[in-house]
Amino acid sequence: MSQRILLTGATGYLGGRLAPRLLDRGYGVRCLVRDPDRLGGHGWEDRVDIVQGDVLEANTLPRAMEGIDTAYYLIHSMAAGPGFAERDRRAAANFGRAARAAGVRRVVYLGGIDPEARDVSSHLQSRIETGEALRDVGPPLTEFRAAVIVGSGSASFELIRHLTERLPVMITPKWVRTRSQPIAIRDVLCYLLDCLRIPETEGRVIEIGGPEVLTYEDMFRTYAAVRGLNRRIVDVPLLTPKLSSLWAGLVTPISPALARPLIEGLGSEVVVTDPSGMALFDIDPIPYEEAVRLALERFRRDAIETSWSDSLASSQGDRAAYEMTNEEGLISDRRRLTVNASPASVFAIVKAIGGKNGWLYANPLWHVRGVLDQLVGGPGLRRGRRSQSNVRRGEAIDFWRVEEIEEGRLLRLRAEMKVPGRAWLQFEIEPDEPAPDGSPRSCITQTALYEPKGLLGLAYWYALAPVHPSIFKGMVRELGRRAEKREAAAATLEHA
């Protein structure tokens, strides 16, 4: 009989890649998620059992644990900001107790390598403490510990990639000389999967890493060589983690709130000191340079499975903040346009907005808005998109998040930029009466909605009143123009 697996973190970077691989190996998979709708669009969600719950709410966990053999704990709340370590400990303790009470045979967890140094970053210390909390109150724990994970969309790799791509001269602090043992995401997934059939992995800590020990400078230089970039690295010892994180926030997609604990962790040497756990597996680790090439090939093919920005922090709390409201007090800018294109052609343009594709109209103004958002602690435009042509519910697109998507009909984005209120941008597409020659037509409804918070919220909206009409009008017109161009190109190919 196949093992029953409980998977947490299925809407995040690692869990979203592990789920389909567990299914392909014949395991029965149940996903514990706070928002089941966020699993939509992956392509495997119909093959899993979905239970709604939250590891910070212990009473929601027993149902998820029923009949489970092995539970994967792939959750952390680092992106939630101050207090994440305490939340992680509490969440892990809740999960471990519920697993033991339900008779779960073991828990599998991925944490970070213990640098065995006195001055350990809060991020690394939290990963170690999370493992301890699971071990203290839960079933036997298989705890994997890894350093930098190299793969398309991982936060650590995005930091390396964007710093190297964007800075001809890299002003770096002393942590660039720190040694690490990077590991390819493909190898991490293999370890997480293969442990299920290796009984000796139960109840032990397993350090995993790639075949090379490298400094971060080595990683920067190797990445640059793969990309054919000439980069100079200048060491500035006085550059603090706080300053480094602010600089990284301006140059990379990683926000300063997430970059700071990551960068603080880079100051500690994280190298495999006990390879005996890896010896239990028949895995030939991928060298760093090859892992970089594989990740870049994913970017080239626009085939990134998951991204660091997919997950929401565990402290997001009130789920009502993610829903549309129909109450009075919403300010709206609604524009309609009929175009000579099918709904499919229109929606192809709609779901590709943002990231490298831009925002249809007045892109320089969008970039200015992104910079202003970063200056006040928002994400700005740095997060980009996981894919340049496809999108799933719950994904980040620059400083928006996909709140709702219905293929061919609706895309609704919720603003995560810093604004005194709540804001949405919505696109609806409906088929219209065909043109006289029988060609398809569509009606586009583009709506910007804003719920101001107090007088400051109203002042914000009306301060932008001279700019908004031009931008929104230009957006819907450009959307129509691109859709008609796409439709015409498709018709030409069909008749060629």
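Student: Which residue in β18 stands opposite R414?
Tutor: W424 stands opposite R414 there. The strands involved are β17 (residues 410-415) and β18 (residues 421-432), which pair in the antiparallel sense over five bridges. Pairing needs at least two bridges found by DSSP between the strands.

Student: Before we go on, what kind of model is this?
Tutor: It is a predicted model: local features need pLDDT of at least 70, side-chain atom pairs count only at pLDDT 80 or more, and totals for chains, interfaces and linings use all residues. Residues are numbered from 1 along each chain as its sequence is written, and side-chain values use heavy atoms, with hydrogens and water left out.

Student: What is the mean pLDDT of the chain?
Tutor: The mean is 86, and 88% of the residues reach 70 or more. pLDDT is the predictor's confidence in each residue, from 0 to 100.

Student: Where does pLDDT stay under 50?
Tutor: Over residues 313-327. The model has 30 contacts there beyond four places in sequence. A contact means heavy atoms within 4.5 Å. Where pLDDT is low, predicted coordinates should not be read in detail.

Student: How many helices and strands are there?
Tutor: The protein chain has 14 helices and 19 strands. Both are DSSP runs, numbered from the N terminus: H or I of at least four residues for helices, E of at least two for strands.

Student: Back to β17 and β18. What sheet do they sit in?
Tutor: An open, antiparallel sheet of six strands, in the order β14-β19-β18-β17-β16-β15. Its edge strands are β14 and β15 (396-397), each pairing on one side only. Helix α13 (residues 454-463) packs on this sheet, touching β14 and β19 (441-452). The direction of α13 makes about 140° with that of β19. Angles run from 0 to 180 degrees between N-to-C directions, using lines fitted to C-alpha atoms, for helices over the stretch in contact.

Student: Is W400 buried or exposed?
Tutor: Buried, because its relative accessibility is 6%. Buried means under 20% relative accessible area, exposed over 50%, and partly exposed in between (1.4 Å probe, protein chains only). W400 is in strand β16 (residues 400-406).

Student: What does W400 touch?
Tutor: Leaving out residues up to four places away in sequence, its contacts include W359, W366, R383, L413, R414 and W424. L413 is 13 residues from W400 along the chain, and their C-alpha atoms are separated by 5.8 Å.

Student: New topic. What is the order of the seven-strand sheet?
Tutor: It runs β3-β2-β1-β4-β5-β6-β11, with parallel pairing, and the sheet is open. β3 (49-52) and β11 (205-207) stand at the edges with a single partner strand each, so one side of each has no neighbour in the sheet. The twist averages 20° from one strand to the next.

Student: Which strands pair with β5 there?
Tutor: β4 (residues 70-73) is joined to β5 by four bridges and runs parallel. Y73 has Y109 of β5 as its bridge partner. β6 (residues 141-146) pairs with β5 over six bridges, also parallel. In that pair, G111 stands opposite R145.

Student: And how many bridges join β6 to β11?
Tutor: Three, again parallel. E143 stands opposite V205 in β11.

Student: How many residues of β5 are buried?
Tutor: Seven of the seven in β5 (residues 106-112). Both faces are covered: R106, V108, L110 and G112 on one side, V107, Y109 and G111 on the other.

Student: Now a loop residue. Where does T306 lie?
Tutor: In the loop between α10 (288-300) and β14 (331-339). T306 counts as buried because its relative accessible area is 1%.

Student: Which polar partners does its side chain have?
Tutor: Among them is the backbone oxygen of Y13, 2.6 Å from a polar atom of the T306 side chain. A polar contact of 2.8 Å also joins the side chains of T306 and R17. A polar contact is a pair of N or O atoms within 3.5 Å; within protein, one must be able to donate a hydrogen and the other to accept it, and residues adjacent in sequence count only if both atoms are side-chain atoms.
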